[in-house]
Every structure is written in structure tokens, then in C-alpha cells.
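I opened the notebook to look up charged side chains. The entries below follow the order in which I checked them.

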Amino acid sequence: MGPQHVAAAIVSATAGPGERLGDLDQALHRLNAALEAAEAAVGRAIDGADAASEREAELQAFADDRTRLAELLDGSAAKAETARRAELKIRDEVASRVDAAIAAVESVLAEAG
């Protein structure tokens, strides 16, 4: 026992019953306040952990959405490239047919004229 504990024990032993009860009430009050503070700290820690867990879940949802959107973008880009190639092919075909029609009309006009 340290000197402070010995002194407290001597004061407690020499104090009258009413003084000991008052000291006990004060000690119980301090203990109750400390327990309430500890309970509040634990509650804040749990709330913090829950909030961190919720943030982690939100981040995972964002990552999942980002992956899904990237896949959709890649698919759309591939479709756009396919459409662009088809458009070029159609333009070439139309140009070829127009050139053939012009040549046919010029041939007919040359024979007639």
C-alpha cells in the first residue's frame, strides 16, 4: 500500500460512522460518474465503428457502380465503333452506286448526243 492509501485508511478508520458513509457516498458518486463516462465513450466508439462500416459499404457500392458503368461504357464504345464502320461501308457502297449511275447516265447521253 502506498502512503496515500495508508493515510486514507487511517482517516477512514478514525472517522465516525457518518463521515465514513459520506466518503462512501462520494466514492460511489465518483464511480458512477466514471462508469457513465466509460459507457458514453463505448457508445461513441460503437457509433464510430458503425459509421466507418457504413462508409466502407458506401465505398464498396461506389466501386461496384464504377465497375458496372465502366463495362457499360466499354460496351457502348464497341457498339459505336461497329456502327461507325458500318456507316463507312454503307457510304462507300452508296458512293459506288452513285458513281455507276452517273457513268450510266453519261454513257446514255453520249450515245444520244
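How many salt bridges does the structure hold? I find five, a salt bridge being a side-chain nitrogen of Lys or Arg within 4 Å of a carboxyl oxygen of Asp or Glu. I note that this is a predicted model, where local features need pLDDT of at least 70, side-chain atom pairs count only at pLDDT 80 or more, and totals for chains, interfaces and linings use all residues. Residues are numbered from 1 along each chain as its sequence is written, and side-chain values use heavy atoms, with hydrogens and water left out.

Entry on Glu81. I looked up Arg84 and found a salt bridge to Glu81, with the closest N and O atoms 2.6 Å apart. Both lie in helix H2, three residues apart, about one turn of the helix; helices are DSSP runs (H or I, at least four residues), numbered from the N terminus. Arg85 also meets Glu81 in a salt bridge, at 3.1 Å from N to O. Shared partners join Glu81, Arg84 and Arg85 into one network of salt bridges.

Entry on exposure. Is Arg85 buried or exposed? Arg85 counts as exposed because its relative accessibility is 55%; buried means under 20% relative accessible area, exposed over 50%, partly exposed in between (1.4 Å probe, protein chains only). Glu81, at 28%, counts as partly exposed, and so does Arg84, at 40%.

Entry on Asp65. I found Asp65 in a salt bridge with Arg68, the closest N and O atoms being 4.0 Å apart. Because they are three residues apart in helix H2, about one helical turn separates Asp65 and Arg68.

Conventions: Helices (H or I, at least four residues) and strands (E, at least two) are DSSP runs, numbered from the N terminus.
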